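Take a look at the chain below. Then read on for a short tour.

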Amino acid sequence: MVKFLDLKGINSQHRQALIDACIEVIDSGWYIMGEKLRRFEVDFADYCGVKHCVGVANGLDALTLTLRAWKQLGRIAEGDEVLVPANTYIATILAITENKLVPTLVEPELESFNLGVENLTQALTPRTKVIMPVHLYGRLADMPAITNFAEKHGLLVLEDSAQAHGAKLEGRRAGAWGDASGFSFYPGKNLGALGDAGAITTNDDALADTLKALRNYGSQVKYMNMYQGVNSRLDELQAAMLAVKLPLLDSETQRRQQVAQMYLDGICNPHIALPEPGVPGQHAWHLFVVRTGHREQLQQHLSSHNVQTLVHYPIPPHQQKAYPDFADLSLPLTEQLHNEVISLPMDPNLTVASVQSVIDACNSFSLVEQS
Ligand SMILES: *Cc1c(COP(=O)(O)O)cnc(C)c1O
């Protein structure tokens with residue numbers, strides 16, 4: 001069986017280092033907002049090539065608190081519009097509506113699954129204040145064009161980098177393009193903790209300060225509360241786990257890129273449309289997502305050949321019960337994508353033999369066999 005993702009396998013490579021790091025935290029007697037977090041924040045900011053990293057409890061909070069901080073700083077206000085790709089994971093949109101901002105769902109480009117400037121232009125109104133590009137599946141969005149567009153129209157840019165740790169374009173990583181960027185370290189992400197964790201990266205001193213207060217009851221100085229904040233901290237244990245795994249991220253990304261290249265070179269089936277890799281380094285391959293007009297049959301065929309697959313995502317946000325107001329929206333491209341996408345196994349530890357068996361299973365898929 002080729003598993004979709006073997007998380008246990010990924011973490012057990014670092015088993016002893018993770019255990020040692022846990023013991024250090026246990027023995028330190030300090031479990032929240034300590035040296036492990038401070039160290040990881042410095043290292044992850046360096047890794048992304050920005051001034052600040054602020055650790056929070058998860059990726060959703062990273063996005064939600066950044067928008068909230070911009071409200072506190074008077075840069076945006078309730079009712080302002082946020083351009084966001086319609087095919088994103090729902091968390092991006094939850095961050096917007098939680099802040100009483102208005103999501104404008106923008107159709108992505110079919111080839112890259114990401115926002116393109118043409119559709120952004122059409123969606124722009126005088127109330128638009130923010131763009132949230134999502135580097136979906138690990139592919140860095142066209143950030144040179146998007147940041148240009150934002151500058152021209154005076155918009156803030158908040159990257160959703162939850163799937164794109166380490167993805168790079170023109171030498172600049174995810175997390176270093178926008179005015180701020182939200183990361184998730186959910187266990188299955190490319191840089192995953194052993195529980196929930198997230199962070200914001202930014203070069204903006206005032207934003208970083210505000211975020212540090214918001215995540216901690218609105219307080220930077222103990223018992224002095226500047227904002228009605230929340231409790232959303234990245235704890236010492238998770239920071240210690242991330243510190244063990246961060247130095248290995250680049251080599252794991254390279255392995256993902258090799259797996260992707262084998263798929264791109266090897267899969268040749270008229271029923272399967274392959275993803276566009278972009279320029280070298282642009283794609284961190286969190287997921288390898290292909291499209292097919294016959295998803296159910298393909299998924300069954302792969303399963304019968306011992307290949308586990310998943311769908312990211314079966315229902316677009318505007319068709320979720322959580323958003324009845326969006327139910328009447330017509331987003332044909334987004335709907336098409338949600339009907340066609342299927343994710344093949346993607347794991348830095350996949351063996352060449354496993355990748356080849358996925359390729360063979362894809363290439364042996366035909367509709368005749370199914371009928
Ligand atoms: C995982 C994810 C999030 C949310 O991160 P959590 O840590 O699970 O809260 C947000 N956006 C995207 C695109 C994601 O994939």
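## Basis

This is a predicted model: local features need pLDDT of at least 70, side-chain atom pairs count only at pLDDT 80 or more, and totals for chains, interfaces and linings use all residues. Residues are numbered from 1 along each chain as its sequence is written, and side-chain values use heavy atoms, with hydrogens and water left out.

## Residue E252

E252 sits in helix α10, residues 249-266. Helices are DSSP runs (H or I, at least four residues), numbered from the N terminus, and strands are E runs of at least two. E252 is buried, at 10% relative accessible area. Buried means under 20%, exposed over 50%, and partly exposed in between (1.4 Å probe, protein chains only).

Leaving aside neighbours within four places in sequence, E252 contacts I10, Q13, H14, N190 and P348. Contact means heavy atoms within 4.5 Å.

## Nonpolar cores

A nonpolar core is a set of buried Ala, Val, Leu, Ile, Met, Phe, Trp, Tyr and Cys residues joined through side-chain atoms within 4.5 Å. The largest one has 33 residues, and L67, W70, V130 and M132 touch the most other members. Helix α4 gives the largest share of this core, 6 residues. Another core lies apart from it, with 23 residues, including L264 and W285.

## Largest pocket

Which residues lie nearest the centre of the largest pocket? They are Y89, S184, Y186, K189 and Y313, out of 31 lining residues. A pocket is an open set of points on a 1 Å grid over the protein atoms alone, where a 1.4 Å probe fits, with protein on both sides within 12 Å along at least five of seven lines; lining residues have an atom within 4 Å of a point.
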